[in-house]
Amino acid sequence: MPKKPTYEELEQRVEELEQGRQFQEAHENLESMVRERTEKLSEINEALQIEIAELRQVEKALRENEKLYRDIFEKNEAIKLLIDPYSGEIIDANPAACEFYQYNHENITSLRIWDINMLGETEIKKRMAKVISGEKTTFVFQHRLNSGEIRHVQVYSGILETGGKKLLHSIVIDRTERMRAEKALLESEEKFRLISEQSLMAIVIVQDDRIRYANQAYTEMTGYAWSEIMSWTMRDIIKTIHPDDLHFVMEQGRKKVAGISAGVVTHYAYRGLTKSGEVRWIDQYSKTITYRGRPANLLTFIDIHNQRLAQETLIESEKRYRDLADSLPQIVFETDENGTVTFVNRNAFDMFGYFQKDFNGAINILEMLIPEDRNRAMENMRRVMQSGSTRRNEYTALRKDGRTFPISMHANRLIHEGKFRGYRGIVIDLTQTKKAAEALRESEEKYRRIFENIQDAYYESSLDGTILEISPAIENISQYKREELIGMSVYDIYTDPRNRDEFLNLILKKGKLNDFEIFLKDKDGSARPCSITTSLLKDARGNPIKFVGSMRDISERKRGENERKKLERQLHRAQKMEAMGLLAGGVAHDLNNILSGIISYPELLLLDLPEDSPLRRPIKTIQESGMRAADVVADLLTIARGVATGKKVLNINMIVTEYLSSPEYLKLRETHELVNLRTELEPDLLNMRGSLTHIKKTLMNLVTNASEAIEGGGTVTISTHNRYLDEPLKGCEDVRRGEYVVLTVSDEGSGISPGDLERIFEPFYTKKVMGRSGTGLGLAIVWNTMQDHNAYIDVRSDPNGTAFELYFPVVREEAAALKQQAPLEDYMGNGEKILVVDDEQRQREIACGMLTRLGYAAEAVSSGAEAIEFMKGHFPDLIVLDMIMPNGISGLETYEAIAEIRPGQKVIIASGYARTKEVQTAQRSGAGKFIKKPYTLEKIGVAVKDALNDQKR
């Protein structure tokens, strides 16, 4: 095909044709080309119109896509970012991202991704490259907010191409709280594991009828290995349950699995069996939990065997208390806070005519009084509740059959765990006492009628008080002569005019007065107590004319009454202390047995533990707590009296000096920094005979009380001096004549009120907060110690302070040196055979454990009968014999039987009580030393060593 000429060539040809003959032909060709071009342009224009229409459709779709993009990107609640993977620039961020990162849109799009990502630019680029290559799309980063807070985020990234450029479309999810929760969960699980493994409570988790978890305590409690237990099903747990309790335990489990709630308990006790067949009381608690996302049963077990034994001991102690109460001649009662009777002894049944069933929470103490006395009794009980002091009141009692009789009721507060729980007291039938009092009154009346004009001064006076006649007996009771008094006014010799006015009002109103007490002025102005019996005489028409009567000097009677009251108070205190002593002795014995394990086992454990063992400190704490409890028991035994035996010659100055360097005194100084202590010790102080422990405890209690009596600053003084009394000293107690060593502890406190001074030596009577300053036994211990030492105590107190003076009889002997603690090596054994006789299993285990640790070959029997049988075929080097064995033959009977079988057998005596008469009898018969429980290594070791050495000599 020939090449088409261009338009320029055509124009040139036209020009040539115009210039020549071919112009016409060229013109025709040009027109043809124009038509051709026009058609072409028309086609192009039509195509352009179509293309424009299509472009408009594309633009519309683009706008719709852009809107959709904005809806998806900007209005989405998820955090979204568009990031240039090469430059790290944040191209776009939706509002959720701006809100999360705390930037506005302009500021956040001016940042690069490493401005908010804590990873660093290089590492971030590596991760973006992985996204572009398709290797990874999910990452966990730490992002910094505008406020500087760091948040843990999870980022999902994908590739987005736009304008021929690849961008990263990243969705950011804040995982901070979730990660914290996961961390807390991990920590919680770790904490559970640590607590569970360290717990003394056995813990088991059962799921799908299989044990999924068991801690170390469970393996120790059952005796099975952990590997055995982890293969168990619920059926295997049956072998850890005693057959007698199996039905009950299985029935509880069956009902729980079946969803039955009636009769199901989640917390109960039963007897368990160890792998070795030992029976132990177990306390079990079960609960449904979620374990690893699925339901499971959490079982916890506590070995309560010792507590169960203690509970049985408590029941026995309560029985002993009831037996003691039933043996008393009075009624012993207890009530709750509302006065409802919760306990009475047997005497109440006979005295009030009720039966035991009547007292089962159905009778109020007020119902046992006549209605007229109930409001007064209720008010007295309220006072007891508020003050805590014992109250004695007389009422008229009401029997069930309606009969009445007079009673005296003594009541005190009943405190349990620091809270008021009711009342405890005694009721005394005053029927015979009242009859005796009435008979005495009649006897005195008869006596007065016979002798009123013989021994007493008979007088007559006018209505205005002028003495008309008076018998010569007045000269025996007054400094006045008979002649001096006649004509005087009786009103002029009244000491107190108010007393005179009261006398006139009563005699004019009643017509007769018997034993009206007044104080009359003697001739020298002194006051003399007198008793006047007077009648108002009237004439035949009933008009009063004069007074007649008798006057008696009652000075001696007043002194006698005061002395009698003082003796009654002393007797009452002695009786109360004796009763408290009986109770305290029994309680202390039981507590000594319980405390033995707490005190003795830690001492054995510490010997076997390395010095760096973390268990040493808690075990020492247990031991120290037990020793403090033993101190309280010692205080109870002090109240029980008769404990300060084994006295030796002491010098109180040495005891004071030792106390001032003791830890107890140093601790007291720390708690009372503003109190100064001064000593005034007589250099040539004489000696006395006593118990070092009890004298030191007495001094410590007095110094502690004196320090606590001082509010703010002040001085406590300890002084000693020799004193000879050539006549009795009248004070708190009457001190006989003789030689004494006097220990005085005085303070500069606010003093003791007269009402409190009467009761300060009663057990548990204290004005201090119980449990914070002491047990309330301090001064009771002081009083009992003085009684045991045949010593005296005098107390002087006023608002400027208080002084306690202790009088100890002097002995003319040399004082013994203070005992030093012996080293362990001095009382180690060499395989000697020792027999322990004790009815308490725990005591046998403790004694044998200590003796074995000390190098002896120890065996034990549980009764006197077993000991006697044992001696028939064995030859122990020494016997450690418990004197108090309630069941079977006693310790003394056992010793006497052993002495017959094996004369000369070495025996040392042990008891939780103080040295009793039975102990003294055994020692007089040849028994060796006496050891007081609870045992310590040194105490039992030294006693055994000394006894064996005596045998060798």
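Which residues in H20 meet which residues in H22? The views below answer this for a predicted model, in which local features need pLDDT of at least 70, side-chain atom pairs count only at pLDDT 80 or more, and totals for chains, interfaces and linings use all residues. Residues are numbered from 1 along each chain as its sequence is written, and side-chain values use heavy atoms, leaving out hydrogens and water.

**View 1. Contact of H20 with H22.** Ile655, Val656, Glu658 and Tyr659 in H20 meet Leu692, Ile695, Lys696, Leu699, Met700 and Val703 in H22; contact means heavy atoms within 4.5 Å. By class, this contact has eight nonpolar, no polar and two charged residues.

**View 2. Crossing of H20 and H22.** The axes of helix H20 (residues 652-660) and helix H22 (residues 692-709) come within 10 Å and cross at roughly 60°. H20 is therefore oblique to H22 (angles under 35 degrees count as roughly parallel, over 145 as roughly antiparallel, 65 to 115 as roughly perpendicular and the rest as oblique).

**View 3. The largest nonpolar core.** This core has 33 residues, and those with the most contacts inside it are Ile652, Leu699, Leu743, Phe804, Leu806 and Phe808. Such a core is a set of buried Ala, Val, Leu, Ile, Met, Phe, Trp, Tyr and Cys residues joined through side-chain atoms within 4.5 Å, where buried means under 20% relative accessible area with a 1.4 Å probe, protein chains only. H22 gives the most to this core, with six residues.

**View 4. Surroundings of Leu699.** Not counting residues up to four places away in sequence, Leu699 touches Ile655, Val656, Tyr659, Ile718, Leu743 and Val745.

Conventions: Axes are lines fitted to C-alpha atoms, for helices over the stretch in contact, and angles run from 0 to 180 degrees between N-to-C directions. Helices (H or I, at least four residues) and strands (E, at least two) are DSSP runs, numbered from the N terminus. Ala, Val, Leu, Ile, Met, Phe, Trp, Tyr, Cys and Pro count as nonpolar, Asp, Glu, Lys and Arg as charged, and the others, Gly among them, as polar. Buried means under 20% relative accessible area, exposed over 50%, partly exposed in between (1.4 Å probe, protein chains only).
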